Structures are given as structure tokens and as C-alpha cells.
There are 4 protein chains.
Amino acid sequence: MRAFVMKTIGETGFADKPVPTDPGPNGAIVRTKVALVCTSDTHTVGGAIGERENLTLGHEAVGVVESLGSEVESVSVGDRVAVNAITPCYKCDNCVRGYTSQCTEMLGGWKFANVRDGVFAEYFVVNDAEANLARIPDGVPDEKAVYTCDMMSTGFAGAENARIPMGGTVAVFAQGPVGLMATLGSRMQGAGLVIAVESMPQRKELAREFGADEVVDFTETDAVEAIRELTDGEGVDSAIEALGAQATFEACVEATRPGGTISNVGYHGEGDYVKIPRLGWGVGMSDKTINTALCPGGKVRMKRLLRLLERGRVDPTPMTTHTFGFDKIETAFRMMKTKEDGIIKPLIRFD
Amino acid sequence: MRAFVMKTIGETGFADKPVPTDPGPNGAIVRTKVALVCTSDTHTVGGAIGERENLTLGHEAVGVVESLGSEVESVSVGDRVAVNAITPCYKCDNCVRGYTSQCTEMLGGWKFANVRDGVFAEYFVVNDAEANLARIPDGVPDEKAVYTCDMMSTGFAGAENARIPMGGTVAVFAQGPVGLMATLGSRMQGAGLVIAVESMPQRKELAREFGADEVVDFTETDAVEAIRELTDGEGVDSAIEALGAQATFEACVEATRPGGTISNVGYHGEGDYVKIPRLGWGVGMSDKTINTALCPGGKVRMKRLLRLLERGRVDPTPMTTHTFGFDKIETAFRMMKTKEDGIIKPLIRFD
Amino acid sequence: MRAFVMKTIGETGFADKPVPTDPGPNGAIVRTKVALVCTSDTHTVGGAIGERENLTLGHEAVGVVESLGSEVESVSVGDRVAVNAITPCYKCDNCVRGYTSQCTEMLGGWKFANVRDGVFAEYFVVNDAEANLARIPDGVPDEKAVYTCDMMSTGFAGAENARIPMGGTVAVFAQGPVGLMATLGSRMQGAGLVIAVESMPQRKELAREFGADEVVDFTETDAVEAIRELTDGEGVDSAIEALGAQATFEACVEATRPGGTISNVGYHGEGDYVKIPRLGWGVGMSDKTINTALCPGGKVRMKRLLRLLERGRVDPTPMTTHTFGFDKIETAFRMMKTKEDGIIKPLIRFD
Amino acid sequence: MRAFVMKTIGETGFADKPVPTDPGPNGAIVRTKVALVCTSDTHTVGGAIGERENLTLGHEAVGVVESLGSEVESVSVGDRVAVNAITPCYKCDNCVRGYTSQCTEMLGGWKFANVRDGVFAEYFVVNDAEANLARIPDGVPDEKAVYTCDMMSTGFAGAENARIPMGGTVAVFAQGPVGLMATLGSRMQGAGLVIAVESMPQRKELAREFGADEVVDFTETDAVEAIRELTDGEGVDSAIEALGAQATFEACVEATRPGGTISNVGYHGEGDYVKIPRLGWGVGMSDKTINTALCPGGKVRMKRLLRLLERGRVDPTPMTTHTFGFDKIETAFRMMKTKEDGIIKPLIRFD
């Protein structure tokens, strides 16, 4: 079968790999239907997690169950299923403690296109399938369902961890796909005022579409100042970091009122340190809390996210700015790196 | 000034009372603009809290600050203000512990039309005004703002205490004004499926308007059975009791899945006991939690609820089925007792 | 091998069963070393969970790993291990939601001597062993370790769920082995005043030994009154129900102050309802919370409980009032039913 | 009356001030009995909060009520009382939100020897006394009670915010008086393994006395390495920062396992930033949480801490290494700055 792989650091391409046939007692094999390219795929190829050889890329996909291990009972061959980017084992210490994204070790729940082949192939293998596979409801098309794999789960987690009081105020820094879902998630958590921070015109527009009451363009004004003005000088109850940069992280701490919460979902890829502004943090005594998260996985999370699609609460498809066949994935991949043509998420079709 | 009072158990009428002039160092005097009649006012007159003599009724009103105590700084004379039905002192043990609705003693945060004169008068006095008064934003009319005093605060508390997971399932039992706000509140807390239980046609319709995905009519079907069917046999993550009756409380426990939450906001007015079904409760080992609440008050709560009105998140006015001048309040009061003419909430105008 | 079984409702005895040889890919076989008899074993024989035929009894035991399934890696053959009374699968919906005691269905985490053979046999089989088996540290003898299987886990859960504020007040109703561990657990959660409610002299004495500051004998005084007096009329922050009876449950609700928590760990075996006193519950508006729990299991819980033994925090062995060889288990079982001779927990030796 | 004041930055001395006579309607005047000097007093004199003129120093004291405002009811003239270092107003937005240490503005709950005269004088004035004064139980001597004002409240808050699982592991960085109380507090929260990090011999010894299982001397070994070894390579569930330094904060993040909690109670006095190690923080995706706190105040907190003294749970007096009359406070103050003679806390007597 064809697989789109990281050949080595900095190099991608198609490879021919054998169709998987043995899922093991607890695994499953899925035939890929649609997938999304993620910016983190480009980080991986750039060397963020070190060297890999012919590793199949991709961690956002839905498909059809091709075969199941002997111990897997809750889905059937032929079911249309979604699987999260994070596939915990659900039996190691960290999983049993409840921190499934940290399966076995820190960030270890992330297995696809990291420690095992990813989903950009005609078939992919899912570990611990009983806990990780969710059937997609009939009314939910693949093109929507695929957003549950990472974008909705991660972005919403940003909002959930932000502990937004009903009617409270929240600032979401950066309106890429995760930030946009954090904006929408904040609305869905009952925020009374959602302030999106972004400078790119298309993303500013999408931010409003997904529920931002106010959009602050940090190229035109000081974001922290603007947030304070919009909140009668108080700062926000909660700030969500959806970029992974020193400037936005720092602004999150500054813009949050005492007792508030900074919820980080951005991937911080650079430097030895991410720095907390000492005075904005109240010299360590401000009752401000800094939370972090890696995309929550597992079949229950997936079912709940799919229910939001099924019941019409959420339509993430305005983020699908481009669509490609699998044979054109290299173009999608390149565009995701350059962010050209206003790309947000490119959808890949496998049939 | 004219005040609408409970003369004695079972008897209401107008009384002439002196205009209040001394708010004390921590109090405030407010000139009433609009008010809402609550079913609990009729319970009070019926004897629910014992005998009272010429007690001014009412606990839902907005108005204009007429005078302020020497220690009150955060609002000014002439400000249009909202005050919650619950007005805690914020300095007794229970308040300092954080349970302000239980000010001084159980349910003691409820002072208006209970231990002091209520709001159905041309002027009313607010205790501990610094902590209890919130300025109404310019864009929010009195007719909306008055819903923050009780209906929105209580109904939303039902949803907040229900600990609904993002995309989770919730059943709201009874769709009176508190139940309707619990339905809306459940949507605003991220529920993926909101099931309203109700039999009156107008309330069923309003339930859908306020966000119910499904409406179960318990006169046509067994509500618990219907909820199980709508949730693939699992039961709901959360159930909200918004009536205060044995049958609905019991159904809440039965309809909730293990590990789920039953959130009670209904006032239970009868019998020595409210009974938990032993088996539905998993013989006391089901990880089900039963929460309770009395309308959360205080100026921060009010500001957040007012923000939801200001930002257009919530429009409670479809619940205002009737409007009366203050001189006709007796009619409103009688209708609230009989529930005739499909009444949900009658609004009273004081000017 | 010999197994001590429930032959049918009301009848126990020894049976000869084949030594288990195939643990399946995810299971383990353990050679039993010591066990404890639980009152709930006698309930089972009495018919509490319905008819069973030749079901091996017992759910509290430690032993040595005899063989392991192919997928089990975290313990080795020959390891001395503890396994909780509750053995969740860690992959069904309820487990993945985090409610592992409710595995698959309400109370479904309880498998030993319920839906599969228990531990009163020379060997027993553990399902999903990777998530359920914990190695016993060298310094911890079997006689202590066996208390982690149920008594410590359940009793401490009673205290943990009680949400006791640091320096707060707690009442623990009934001082059987679970209640005694709830008393100790309350001390370990930072309670400033622990009030044990009990009438049997030996248990009253043990209650003090395990950390009760005050012991209230409900045969000599009204327990709720006494608790109010000991708390300046306030009632306790938290009450723990460790018996499973209407009188104690009701007293828990009455004795708890507004905003406090009632934590139920007692098994309620009788009647259609467990009844909440309506007024003591503040007509459903007192901010009182009622929690429930079934013995938390899983290897991480076990490791933490074993650590408390290893570090000398806890010595549960004063509860071991009697010791028997496996051949005399019938005597232990009978005594556990009659509670004669001041029995708290009988320890059974298998070698 | 005599008052020990900060004359200007870098200069202390006695001043003669009028005895306060008017507490205002909500205040109280207290005659000082005993006090403790805090390292933060020396920071204040050093300029940490800017210039002050003849500001009375000190925020840890107990005394006797001399007079009360008209609105204060819960204590009486002549009562022996404790008041926390933090004295919130309990009516501003932040207080009403529940973040009383952040009264009015960030860290604004800290008023004594900051925005109003402190307690190192023959009399001192307490704002909002109804919410802030707690009667000292008869059996609790002043010399113990005075530790509730800051050391116990702050140190225990470090442990409470650390969210230590029952039987979990915790590391406490630095064993000054706050760190020692965090060590004790960790034991009282049910920790199974408490690791104290400290190098000064006397403090290492006190750490063991207050409940540390292991003491790591960072001058002899790498603290993070040592903590990992003591926890089977996992790291601790919780780390408490009780110093306020980059090195210890950083070690806290590194030593904490994924999903764990870093609880900061140290005052960070230097630099523009407090830096999070990026990789140890899991690039912002490790599910690690960073909490902060400023000494929780209010009468309920004080009552609970006093109860722990009354019931013999806690004896903080081993920290009182030196005692002085008020006339010798300058010596105490100097020693607290130099930390000479193994000083931990100097007690000051006013009679």
C-alpha cells in the first residue's frame, strides 16, 4: 500500500509498505477514508522529535474497520470509526492515574507518526482499540468527523481547562485551527465575553464566525492593554495559549486577573525556557493557575465530540480551506508549512 | 409608599409603609422599576416559611439607587442596579467559607420577603450593598436584567452544578422558568444532548426554543425509559431536578448513569423525606453525586449574568408571558398560583 | 485445588476445583498467601446478589504470581502482589470515563466472588492484570498488605470523598473495619476534629486508636445533638456513612452543616428507598452534597496504599482480631456473620 | 504608644504613635500580646514594596480585643483573638469571587505593614473585623496561636494546593518556616512519601521532626535526580516551592511527574521572569499544573488552624528558636535578616 512518510529529517515522500494484517489481540486495522494535515506533522519532519526513518506521517483520520483483535468487542468490522490522535494504552501507571495523554511517559499517548506509523496510508493500525475506537453516527459525514481527532479535542480542552465561569471573560491567543476551536469551546463553556487575539484577516473573520465577541489585532494595538480595556481594567478570568510562543504565553499571564487561569494548549517548540513574567504572576502569589494539556483521547471523548457534530452544535468545516486526493498530499503538506493561500486545514481524500 | 404584602398566612394586599430613609452604613435604598413574581412568593403566602405580618413580598426586581450607606463605594446614587434574590452578608462563617446562600444559617442568604421586607414596593432596602449591588450595563433593558435576580442565577446553577462533560448528556426535569433556564444553561455548559422532561404544550415549545434537543412528555411515556433509549441505554451524564417533587427527584437518580451527577434546584415543599431509590443509587456505591443549590447571589454573579444579556448570549424575555402595572400585581399573583392562561413569568412595572 | 464456595443461597462449603492454567492474554494467575473475610461475603451467601452455584468466595487476598498472560509486563512470575477487590477492565466506556468501579455497568468493577470466582482458593485468576496487579514492597508483610484490597481503599475513599477542609470537622458513622479506616483516613486528610459514632466497646476503643478525637455512643445520647454540641452548634463539615442504614444516613444529613458533604461508603442492603430528611437537607437547597463510592481499585491506588504501609503511616493490623488456617475458614465465616467474640477482621492463612 | 517602624527604605526604629481609638463601624482595635517576625518584614524594609514612611511593621500577632466597631458582633471586647496576616474586605469583586487574598487588586489582601500600619505596636487596628477575627480557644496559648497568622496558613496552603493524592509523593523545596509547615501539611494531606529538600543542618533536622520521610541535601546531590531515584524514576505527584528562587522553581517542574502539580508559595523577589524549563514542562503539554497562593486569611481559616492546635494535631513551637521582649525587637529583626544563630522564628512578647 502507499504511505506518505518522513524519509528522514527534512524529507517526505511516498513509500510502498505492506498492508497490515495482524492487529494483535488488542488492536485494530482501519482502512483510511479522509484525513487532515496538521502543522505538527511539519514540525515532526523538521526534526522536532528527532530522527525517524520512513515513518508514516499523520494522526488525524477516520476510516472503516478492516479487522479486529480477539479482545476487541465494542466495534465491528465494517464500522465507520474515528480514532483520536492520542491513543493511550489505558493500563500503564499514567493511564490508570487518569493522565492518559501521558501514557507510559510524558506525552507518550501520542503514538501515531511518533513511535508507530501514522494514518497517511491506505490502512493504519490502532493500538488498544477497545478503548480508542468510536463508531461515527450515521448522520455525521467523514469530513466533519475527522475534526474530532485533534482540532476539536485539543481546542475544546483549552477551553475546558480554562475553568471559565458562566458569563466570565476569556482571551484566546492565536486563531489557527486549535485556537479557533478554543474560541468556539469557550462559547460552549458559557463564557460571557470571548476575546480572540489574531492578526491574519481570514483568521480574524473565522474567529468571529466561531464565536469571538471581540477580535484584538496585536499588530495594531497592545493585546494586553486592549484586553484590560475590554474588561474594565480587570483582565480576563481565563486566557488560552493556542500558539506556543513566549510572547503569547507571557501575554496570557499578564492579561489574566488574579485568581484566574492560564490554559496552555500551544506546542512550545523553542528555547530552554518558557518564561513567566514575575510581576504579572504576582511574584508567585496571585492565585493564578497555569494548566497544560495534550489532546485528550479515548473512545468516550470521541463519542462526546461526535455527538456535538451529530446534534448540530458544531460545524468545523469552515476550517477546511483546501481539499486534495491522497496522491496530492505533498502539496497540502507544503502549503501547511508555508501557510500560503490562507490555508487553515487541508482535507485529504483516500477514495 | 405602597407595598404589596403578606398580611398573614393566606392573605395578601396593599399596605401603606413609610419610605425608607436610612440604609445604615453598609446598606442601600433602591427605587423599584420592574419586578417579577415568583412561584415561591405564593408558597410564602401559603405558609411555607411560617407566619409573617405585613411582610412586603417579592425578591426579583431592578431599580435605581436612591441612597447609599457611608461604607458603600462601588455604585452611585442614580445608578440603575440589579440585586439578587439572595443577599448574603459576606462576613459570617458560612459566607466566609464560601457558602453565601447559606448566610448565617441554612438558606439564610434568602432575606427579601423572608426575614426583611421584599421588593414589591416603591422602594426597597438592600443589606450589605457593597457586595450585593451590580450596575446594569446601558444596553441591557430592565425587562431583561430582572431575570438575573433569580431565574437565570438559579437555573444556570442547576446546570453548573450538574458537572456536564463537554458533549455530554443531560436531562432537565420540569420546564417552568427555572427548568427552562437550566435547559439553556446546559447548552451553555457544552452539553451534547439536552433532554427536557415536560408535559405542558407551551412549556414543551419553550424548552425547544431554549435549547432542548429532545422533549420527553412523561404523560405519554415513561421518562426514565425514554431517556435511556435516547442515550443508547446508558442514562444521562447529568440530571437536573427543577421542580421539587418525589417523582422527578427519583427519576433523576434512575436516569443518571453511574458516576453521573444529580443537580437539585427544585424546592421540595412536602413530606418528611425526599427518597433516593436504593437500587438506582447502586446501593449507595454508584459514584453518583447529588448536589443542591440555592440561587447564587452577590455582585460578581450578577455582573456575569448581566454580561450574558449584554453580549446577546441569552434572551429570557420569551418567558415574560404577561405584564402588569404595580396596581394590578394582585392579578399577577393569583395567576402565578393557578398557572392559568399559560403563565410563565408576569412582569410588574412600577412607573 | 480446594476452594471455599457459596454452593447456593445460604450454603457454603469447600469444593474441589481444577487449578487454573490459562490466564488469557491480559490475565494472571496468583497463588494465594493470605486473605481476609469481609462482611459482604456473608451478604453474598445470604442472597444479596442473587443465586450463584459453587462460586468461590472472597475478594481480599494477596499472593504470588504463578503465571501471566502474553500482554502483561509490569509484574513478573514470582512477584508478591496485591490486587484490589475491584478489578476494572480499563477499556469499557465507564472505565474510560474514569469511573472504574462502575466497569461496564453499575458496580460492575466488582468481579471477584460476584461474576467470577473469588480469592478463597489456592489459586485465583485476575482479569486485566496489567492494570490491576501491584508488587508488594519488600518491607511490607502480607498481613498488612492484604488490608489494601478493600478496607483501606474503601475507608479512605470515604474520607477522600468527604472533602474535609484542612482543620475541618468530620463525623464517621459506625466503626466497623470500613468506618475505622474512614476515621484514620479523615485524620490523614487533615481533619481538625474527628467524631466517631459507635456503641460497641471494642470498636469505640479502636476508633480512638485510629484517630477519633471524640466518640459518640448513640445508645447513650442523640448522635446528631452530640455532634452539634461538639461543633458549637454548627454541625460538621463532612459526615461519612460507613454502615449502610437509614438511621445513620439520615443522621449524616442532619449532622452536616450547610455546604458540607455527606460521603456514603456503606452498603445499603434493604428497602426500596434510602431517605433524605427534607428539612435537614434544606428542602433541597442547602448546598449539601451527597457522594457515593465503591472501593477504588487499580494498580496505582494499590501502590499508594502500599506506600502508606511501607512508610509506617498506617498499621491496620489491630483490626485483625482472629487468625485461621484456610481449612478453618468456615469458622471465620460464621463468626463474621454473628460478629461474636468482638471480631473485626479474621485473617486466613493459605500456607 | 511605641511602634516598631520602617522609617524609610533600609532603616528601622521605634516611633511614638497615638493609641488608636476609633475602629470605624466595621473595624476593631487589638492590644498586642505576642508576635512573630517574618522574613518578608525584612524584604519590606529592603524596599520590596517601595518607599514607606514610619510604617509600623509586622503582620503576625495575637492579642486582646480593646474595642469594636458598631457592626462587629462575633467577638467581644476582652476576647483573646488571632488575625491573619491577610485581612480581606470580603466585599470587593475579588473577595466576592472567592479570591480574598487578592482583595481589591493583586495581592491586595495583604494590608498590615503594607498599606496600613502593622502589628509591631502596643495596639493595632483590624479592618473588616467581623470577617477577620477569630477567638482563640482557651487551651491554646498565645505562643502557639500566633503561628496561625501566616506560617501555618501559608505552609499548609502550599500542601493543599499541591493536590497530593492519598498515599502520593511530594517534594518540598526549602525548609524555612513556610517550607516546614508545607512538609507537615503534606503529611496532614495524606502523602505517602514526603521528600524535603534542604541543606542547613538544623532545618534538615526540623524537617524530619515535622514529617519528612527523606531529606535531600542539594549541596551533596542533584535534587531532581535524588527525587527521581526515591520515586522509582517517576518523579513526585506534587512539588511545593517554598523559597521563591529560580533554581527551586525549576527543580519543582522537573521533579514532578506528568499530570502532577507544582504548588508555589515562595515569594519570588528577583528578575523579570520566573522560568519554566520547556522540556521538563512537556513543551506545554504535560498535564502539569502550576498553582500559586498568598496566605489564606479570614476567620474560618483561623478557626480551623486554631482547632488543629487545640486538638494537638500540630505543635509549631519547635520553630520558635528565639524569644525577645518588644524592646529588643530590633535584635530579632537583624537576626532574621542575617539568619544567624540558626534562627527560624523569633517570638516577640509585648507584656
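Helix α5 (residues 151-161) of chain D packs on helix α6 (residues 177-188) of chain D at an angle of about 55°, and their axes are 7 Å apart. Helices are DSSP runs of H or I with at least four residues, strands are runs of E with at least two, and both are numbered from the N terminus. Axes are lines fitted to C-alpha atoms, for helices over the stretch in contact, and angles run from 0 to 180 degrees between N-to-C directions. α5(D) and α6(D) are therefore oblique to each other; angles under 35 degrees count as roughly parallel, over 145 as roughly antiparallel, 65 to 115 as roughly perpendicular and the rest as oblique. The crossing of this pair, α5(D) and α6(D), is right-handed, a term used if the near helix is turned clockwise from the far one by less than a right angle.

On the α5(D) side, the contact (heavy atoms within 4.5 Å) is formed by Met151(D), Met152(D), Thr154(D), Gly155(D), Phe156(D) and Ala159(D). Among the α6(D) residues that take part are Pro177(D), Val178(D), Met181(D) and Leu184(D). The contact of α5(D) with α6(D) comprises 10 nonpolar, 4 polar and no charged residues. Here Ala, Val, Leu, Ile, Met, Phe, Trp, Tyr, Cys and Pro count as nonpolar, Asp, Glu, Lys and Arg as charged, and the others, Gly among them, as polar.

The model is predicted: local features need pLDDT of at least 70, side-chain atom pairs count only at pLDDT 80 or more, and totals for chains, interfaces and linings use all residues. Residues are numbered from 1 along each chain as its sequence is written, chains are lettered from A and ligands numbered from 1 in the order in which they are written, and side-chain values use heavy atoms, with hydrogens and water left out.

| Helix pair | Angle | Axis separation |
|---|---|---|
| α8(B) (residues 223-230) and α9(B) (residues 246-255) | about 30° | 9 Å |
| α8(D) (residues 223-230) and α9(D) (residues 246-255) | about 30° | 9 Å |

The angle in chain D makes α8(D) roughly parallel to α9(D). α8(D) and α9(D) have a right-handed crossing. Val224(D), Ile227(D) and Arg228(D) of α8(D) meet Ala251(D), Glu254(D) and Ala255(D) of α9(D). By class, these contact residues of α8(D) and α9(D) are 4 nonpolar, no polar and 2 charged.

In chain B, α8(B) passes α9(B) in a right-handed crossing. Val224(B), Ile227(B) and Arg228(B) from α8(B) meet Ala251(B), Glu254(B) and Ala255(B) from α9(B). The contact of α8(B) with α9(B) has 4 nonpolar, no polar and 2 charged residues.

How can chain D be laid on chain C? A turn of 180° with a shift of 0.0 Å along the axis does so, with an RMSD of 0.0 Å. This is the relation of a two-fold axis. Copies are superposed by least squares on the C-alpha atoms of residues with pLDDT of at least 70 in both. Of the residues of chain D, Gln189(D) comes closest to this rotation axis, at 2.3 Å (C-alpha). The same surface serves both copies, as 100% of the contact residues of chain D recur in chain C.

Chain D can also be laid on chain A by a turn of 180° and a shift of 0.0 Å along the axis, with an RMSD of 0.0 Å. For this axis, the nearest C-alpha in chain D is that of Lys275(D), 2.2 Å away. Of the interface residues of chain D, 100% are also interface residues in chain A, so the copies meet through the same surface.
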